[in-house]
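Take a moment to look over the whole chain before reading on.

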Amino acid sequence: MVAKTLYGFEDILEKELTQLGAMHVKKGVRVVEFVGDLGFMYKANLALRTAIKILKPIKTFRVNSEKDLYDNIKNMPWENYLKPTGSLAVDATIHSDLFTHSLFIAQKTKDAIVDRFRDKTGQRPNVDLKFPDLKINVRIDRKECTISLDSSGESLHKRGYKLATNIAPINEVLAAGLIMLSGWDGQSDFMDPMCGSGTIPIEAAMIACNIPPNLMRKEFAFERWQDWDVDLFEKIEESLLKKTRDFHHQIIGYDKAPSAVRKAQENVANAQLDDFITIKHEDFFKTQKGGQEKLHMVFNPPYGERLDIDMEKLYSNIGDTLKQNYPGTDAWFITSNLDALKHVGLRPSRKIQLYNAKLESRLVKYVMYEGSKKGKYMK
């Protein structure tokens with residue numbers, strides 16, 4: 001199988017798969033390949049935090065022309081995967097000089113499958129882009145074509161807990177990956193000082209308690225497959241739930257917009273994580289750290305793409321607030337505004353290259369030491 005992910009998360013996803021018990025784990029760019037049985041496919045969809053999709057390749061062949069593509073696909077035993085009266089959807093990704101248009105490839109694939117059914121049974125499956133019985137992925141890399149079944153359906157970042165979002169919500173897979181890259185292990189208090197609709201605190205709570213991230217999803221694509229085994233799925237779900245653990249610290253989210261606070265509180269309640277997360281209406285720049293305990297901070301400051309903000313002032317305020325009010329804190333945040341980073345006025349101890357949607361970004365870490373109010377930070 002193939003787990004797709006975001007650029008920069010390949011190492012974490014490889015580790016997640018290994019810890020779940022995958023065999024022959026092999027890392028690529030934005031993907032990690034692995035081997036597992038049907039139950040493991042269910043488990044991967046339920047439990048992986050940094051995967052966007054789990055694909056199950058069923059055939060690979062060389063293509064030199066459209067006819068090659070059509071013939072190879074038409075010769076595949078599609079009746080093993082789909083009823084003649086069922087529905088399908090096809091998406092294609094292409095890295096090839098020979099083929100350049102992914103929609104055309106998707107259409108050609110669909111034609112070949114439909115023609116096979118029509119020739120064999122006189123009936124043909126319909127196309128249903130929203131809720132197909134079978135979602136098919138075609139990948140052409142130069143002259144190699146891989147046909148896979150998409151076991152996830154909608155992207156796995158759609159966890160199912162989010163009822164409300166803000167203008168620029170952070171993707172749940174990105175949020176989980178940032179927290180995992182930051183090394184947070186649930187052994188300290190956690191804060192998101194600009195929490196928006198609450199995604200980062202919710203993902204942090206699920207990591208701390210080892211709760212599978214996709215328990216609340218309405219549906220996975222494999223539930224419509226002909227080999228769908230509901231008993232096996234429920235067993236896997238049960239075994240994952242037995243591995244949850246207690247969490248004895250606090251997770252706090254601040255936002256200065258009352259509407260964001262309300263949305264975050266709704267999402268936290270919907271995720272059934274009220275026991276672990278407190279969302280407060282606060283302006284981060286007017287707050288300070290409570291107590292002497294170590295604090296782990298991960299956040300996604302607003303960026304100028306969709307919001308009208310004085311970026312220099314914002315980043316300068318972030319640096320000042322951390323320096324003066326948050327001793328004993330490891331602060332991590334992601335930004336796609338690489339120029340604005342200069343205005344933080346602190347030197348990051350780490351910088352990790354990532355992408356937020358299509359924007360090249362950095363995940364940066366600032367270590368605020370205990371000590372004088374002037375704030376000793378890592379040189």
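Domain bounds come from an automatic or database domain assignment. Here that assignment gives domain 1 (2-150) and domain 2 (172-213 + 222-368). The centres of domain 1 and domain 2, taken over C-alpha atoms, are separated by 32 Å. The contact between them (heavy atoms within 4.5 Å) takes 33 residues from domain 1 and 28 residues from domain 2.

Keep the source in mind. This is a predicted model, in which local features need pLDDT of at least 70, side-chain atom pairs count only at pLDDT 80 or more, and totals for chains, interfaces and linings use all residues. Residues are numbered from 1 along each chain as its sequence is written, and side-chain values use heavy atoms, with hydrogens and water left out.

Now go inside. Buried means under 20% relative accessible area, exposed means over 50%, and partly exposed is in between (1.4 Å probe, protein chains only). A nonpolar core is a set of buried Ala, Val, Leu, Ile, Met, Phe, Trp, Tyr and Cys residues joined through side-chain atoms within 4.5 Å. In soluble globular proteins, nonpolar side chains tend to be buried together.

The largest nonpolar core has 49 residues. Those that touch the most other members are Leu17, Phe34, Ile54, Trp78, Ile136, Ile140 and Ile147. Helix H2 (residues 38-47) gives the largest share of this core, six residues. Helices (H or I, at least four residues) and strands (E, at least two) are DSSP runs, numbered from the N terminus. Where does this core lie? Domain 1 and domain 2 both give residues to it, so this core lies between them. Another core, of 39 residues, lies apart from it, and includes Ile52, Ile170, Ile277 and Val298.

Next comes helix H5 (residues 172-181). Nine of its ten residues are buried, so H5 is largely enclosed by the rest of the structure. Among the buried ones are Glu172, Leu174, Gly177 and Leu181. Asn171 caps the N-terminal end of H5, with a side-chain oxygen 2.7 Å from the backbone nitrogen of Val173. That is a polar contact: a pair of N or O atoms within 3.5 Å; within protein, one must be able to donate a hydrogen and the other to accept it, and residues adjacent in sequence count only if both atoms are side-chain atoms. After H5 comes Gly183, whose phi is positive, near 80°.

Move on to Ile200, in helix H6 (residues 199-208). Ile200 counts as buried because its relative accessibility is 2%. Not counting residues up to four places away in sequence, Ile200 touches Ile170, Ala175, Ile179, Phe190, Asp192, Val298, Phe299 and Asn300.

Cys209 sits in the loop between H6 and helix H7 (230-241). Cys209 has 3% relative accessibility, so it too counts as buried. Beyond residues up to four places away in sequence, Cys209 touches Thr244, Arg245, Phe247 and Phe276.

Finish with Asp189, in strand S9 (residues 189-192). The side chain of Asp189 does reach the backbone nitrogen of Gln250, at 2.9 Å.
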